[in-house]
Amino acid sequence: RPGWGNSQQNVALHCIKKFLRWKYGDLHPALAARIKRIQPPPRRSLTPDQALQVLASFNTYKPAGARDQAIIAFGLDTGFRRSEICRVQLAHVDFYNNTARALCKGGQWGIGAFTPETAQVIQRWLNFRKPADGIGNLFVNIYNGKALTGYGLGCIFKRLLERPDFKISLHDLRSSFATLATFYGAPSRSLQIAGR
């Protein structure tokens, strides 16, 4: 389709070929179709100064500011993906060991660690958090108390794009998690395990 990137095109072609092989066998002529795989550029990530600038840009005396700062700090520390951040349950956050569990990519449970500073930021958000009945998610909508969705997180980051002097997206948190940890001396094997 017009506008699809190289990765989407390759995934679509792979799915079509799987179907054709299942339906018509190994001799279907379309199975020879190929799309050149283009290596993507390195992912964008925040520098230490940019991370601090983003974290300092919130009005933490208001619910939205406290929550959004907690999401950024939590994402930078744990390296959780968008859906994983949305799925984290308050019951799975351990403030004694500063860790959180979430259902991660592939249906496996993963653990992310966060700093004592991030723990304080999350605690500040918890003073404002008013979940709807039966909602145990760590991050909720400040108006209706329902769990944040991937779309909701995307809207938060659209607002963030208007503020700093540099671009920031939700995916940047995960790449910044790895980049900043490397910058501060974390061994690559430890980072690999910590990033699941």
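Helix α7 is the top contributor to the lining of the second largest pocket, giving 6 residues. This is a predicted model. The second largest pocket has a volume of about 320 Å³, and the largest pocket holds about 530 Å³ of space.

**Second largest pocket**
- The lining of the second largest pocket counts 14 residues, and those closest to the centre are Arg 43, Arg 81, His 171, Arg 174 and Ser 175.
- Two elements, α4 (82-87) and α7, each give at least two residues to this lining.
- By type, the lining splits into 5 charged, 5 nonpolar and 4 polar residues.

**Largest pocket**
- The largest pocket has a volume of about 530 Å³.
- Its lining is made of 19 residues, with Leu 55, Leu 76, Asp 77, Thr 115 and Leu 180 closest to the centre.
- Two or more lining residues come from each of α2 (48-55), α3 (63-78), α5 (116-128) and α7 (170-183).

**Confidence**
- The mean pLDDT of the protein chain is 88, and 98% of the residues reach at least 70.
- Helix α5 has the highest confidence, at 95, while helix α8 (residues 188-194) has the lowest, at a mean of 80.

Notes. Residues numbered from 1 in each chain as written. Predicted model: local features only at pLDDT ≥ 70, side-chain atom pairs only at ≥ 80, totals over all residues. Heavy atoms only, no water. 1 Å grid on protein atoms, 1.4 Å probe; cavity = no way out; pocket = protein on both sides within 12 Å on 5 of 7 lines; lining within 4 Å. Points joined across faces, edges and corners; volume = space filled by probe spheres on them. Helix = DSSP H or I, 4+ residues; strand = E, 2+ residues; numbered from the N terminus. Nonpolar A, V, L, I, M, F, W, Y, C, P; charged D, E, K, R; others polar. pLDDT = per-residue confidence, 0-100.
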